[in-house]
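Subject: Structure handover

Hello,

Here is the structure I said I would pass on. Please have a look at the sequence and the model first; my notes follow below.

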Amino acid sequence: MSVTVAKTAGFCFGVRRAVDLAEQQAKKNGKIYAYGEIIHNMHEIERLEKLGVYTAHALEDIPDGAGVLIRAHGVPRNVYTLLQAKKCEIFDATCPFVRKIHKIADKESADGRLIVILGSAGHPEVVGIQGWCGESVVLEGEEQARAFSERLEMEDKPISLVAQTTVNRSIWNISVGLIKKRCTNLKIFDTICKATDERQSEARLLAGVSDQMIVIGDKKSSNTKRLYEISRSLCSDVRYIEDAAELTTQELGQHQHIGITAGASTPAWIIKEVSNMMSEETKIETGEDFAAMLEES
Ligand code: F3S
C-alpha cells in the first residue's frame, strides 16, 4: 500500500503571505484584527488567536485606531475608506492575483463595461471584486452561464469577464465558450490563479490513479470544495475531511493506493497529522513525490 501526498497540497503563496504578516504584526504590537477570517480553517484561526490575531466579522468589531489585516481574499474599495475613517492602521495582505482582478474591474467599469464574474456569489473574494465594479453579475457555473448567454441581446452592454481565482478550469472554459457565442463585444480576462490550476491538475492526476482520495480542508473553503469535486469525478472513494480525527485506521487499510491533497488554506501541520497517522498507525509508507508524474503529463 502506498500513500502519495500532492506536492501542491496546503498553503498557497497568498495565504502564506497573509498568515506571516498577521503573525509578524501580532508579535510586534501584541494584537491585530483580521477583517474576516484570515483563512477558511478553524484550527489555524484558533492557533493564530493564541498569538494575538483576532477575527473581526464586522467593522463595528474593530476599535478605532487598531491595526487591521486585510486578508488574501481582498475587500471592496469602500472598506479602505471606512477603516481610514476609524484611523486604523491597515496591513494589506490582499493576494496580488486578487488585486489584479480589482484593477481590471475598476478600469473596465470606468470604460462603461458590465463585469461578469464567474465564481461563488457571496464568497468574500467575489464580494471584494464586486466592490471594485460598477455594474456586475456573478455566474456560479455552467447552468447560469448558459441562462445568462441566452438572455443576451445584440444591443446589450459590452462585457468584461473575469474569474474568481479558484474557479474550476473546465467550468471556466465551458462558460467562456457559451458567452462568447452570444456576445459580440466581450473581453475575457483569465484570472484563475496559477496555484489553483496546478493544484487542480495534480488532484486530477492523483485521483485518476488512486483507489481512495483524501481531500483535507475546511468545509467553507471554496478551493478545497473544487478539489473534492475534481477528485470525485475520477475516483469512486473520496473522503473530505477537516483533520485527522475524522479518519479511522480500519477504512485506510482497505486500499492499495491512497492520494492526499489539501486546499490552499489547509496548514502543513494538519496535512502532516493525516499522513503521520497513516504511516504510524497503519504501517504504510508514504509514496513517491507526485510531481514527477505531473511533469511528465
Ligand atoms: Fe492568491 Fe492564488 Fe492563493 S489567488 S491567495 S495565490 S490561490
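Gly67 has Glu89 in β5 as its bridge partner. Strand β4 (residues 67–70) and β5 run parallel and are joined by 4 bridges. Strands here are DSSP runs of E with at least two residues, helices are runs of H or I with at least four, and both are numbered from the N terminus. Two strands count as paired if DSSP finds at least two bridges between them.

This is a predicted model, in which local features need pLDDT of at least 70 and side-chain atom pairs count only at pLDDT 80 or more, while totals for chains, interfaces and linings use all residues. Residues are numbered from 1 along each chain as its sequence is written, and side-chain values use heavy atoms, with hydrogens and water left out.

β4 and β5 belong to an open sheet of 4 strands, in the order β3-β2-β4-β5, with parallel pairing. β3 (53–56) and β5 (89–92) are at the edges with a single partner strand each, so one side of each has no neighbour in the sheet.

There is also a nonpolar core of 25 residues, the largest one. Such a core is a set of buried Ala, Val, Leu, Ile, Met, Phe, Trp, Tyr and Cys residues joined through side-chain atoms within 4.5 Å; buried means under 20% relative accessible area, with a 1.4 Å probe and protein chains only, partly exposed is in between, and exposed is over 50%. Helix α11 (268–281) gives the largest share, 5 residues.

Lys100 is in helix α4 (residues 96–110). Lys100 is partly exposed, at 46% relative accessible area.

Regards
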